[in-house]
Amino acid sequence: GTFRFEAEKKLAAFLKKIKLPGVKAATILVSSDLSVRSAVHALVKYAKENGGDLIVASTLARKGVSRFLLGSFAESVILQSDVPILLVSPKTVVKPKFGEILVPTDFSEKSKEVLPRIVALAKQLNAKVALFHQVEYLTQFTVDQFGVVPAMQKFLDEDVKRREELGHKWCAELKNQGVKVELAMNKKGAFAADSILAAAKKRGSAMIAIASQTGPVASFLLGSVTRQVIRAATCPVWVIHPEGYKEVTRPNPVATNVEKSTVLL
């Protein structure tokens, strides 16, 4: 009880100092034990019970041993929450104008499933959507080893063309929904996470919106691309679980009135 009272005092003083309009009084959540998982569960449960549209979390972008020993609250939230997560880190730089949302995609159905959510936000902010795709198997190693084999080169050329055609098809569908969209496809050898970060920096994207998945392989998927992106990105990262939105019954994918949206920090 004493700790809770002190926490409420500190949060109230902090909110008063930053003078952010529309912020409600702070709510202190209590978890069942001292584990990160329990704390995350308490936050996600509160968000769902109170109709939270977005959870905003900070990450310290820890790497290596420090991350393993201390754990990561933000990454645990991503794994457990089907409410959208917006992540910021000490490296985050807020753009003066919200001009573009970079949307990495592998052209899978799961990544397409989250597009309506992103489109709704882009239209609300009058921002452009940049669909970004990295042909990930084209690393320098594969190009050097197989690029000189005619049969392999033909396969690579046909596959890249197929991906490009699919990307333009997706762009056409988004344009029909009234959003500005551009296909950004990197055909040069690079790994997905490195390529995403480089594209966001070069293009000056205001946000990276990336789909993730939940389930038994979630930690593997998160470790392969998303985890690297959220640790190193210099812009906010919006992580979306496709499965979570099947459970949402709200009629609008993004609230049209910002004052009616609930954001948890």
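Visitor: Where is the place of asparagine 126?

Guide: Asparagine 126 sits in the loop between helix H6 (115-125) and strand S4 (128-134). Helices (H or I, at least four residues) and strands (E, at least two) are DSSP runs, numbered from the N terminus. This is a predicted model, where local features need pLDDT of at least 70 and side-chain atom pairs count only at pLDDT 80 or more, while totals for chains, interfaces and linings use all residues. Residues are numbered from 1 along each chain as its sequence is written, and side-chain values use heavy atoms, with hydrogens and water left out.

Visitor: What should I look for in phi?

Guide: Most residues other than glycine have a negative phi. Asparagine 126 is not a glycine, yet its phi is positive, near 55°.

Visitor: Which other residue has a positive phi although it is not a glycine?

Guide: Phenylalanine 107, with a phi of about 65°. Its place is the loop between strand S3 (100-104) and helix H5 (109-113).

Visitor: Is phenylalanine 107 buried or exposed?

Guide: Buried means under 20% relative accessible area, exposed over 50%, and partly exposed in between (1.4 Å probe, protein chains only). Phenylalanine 107 counts as buried because its relative accessibility is 10%. Asparagine 126, with a relative accessible area of 58%, is exposed.

Visitor: How many helices and strands does the protein chain have?

Guide: The protein chain has 10 helices and 8 strands. Of its 265 residues, 40% are buried.

Visitor: What do the contacts join?

Guide: A contact means heavy atoms within 4.5 Å. Among contacts in the protein chain between residues at least 6 apart in sequence, 80% join residues at least 24 apart.
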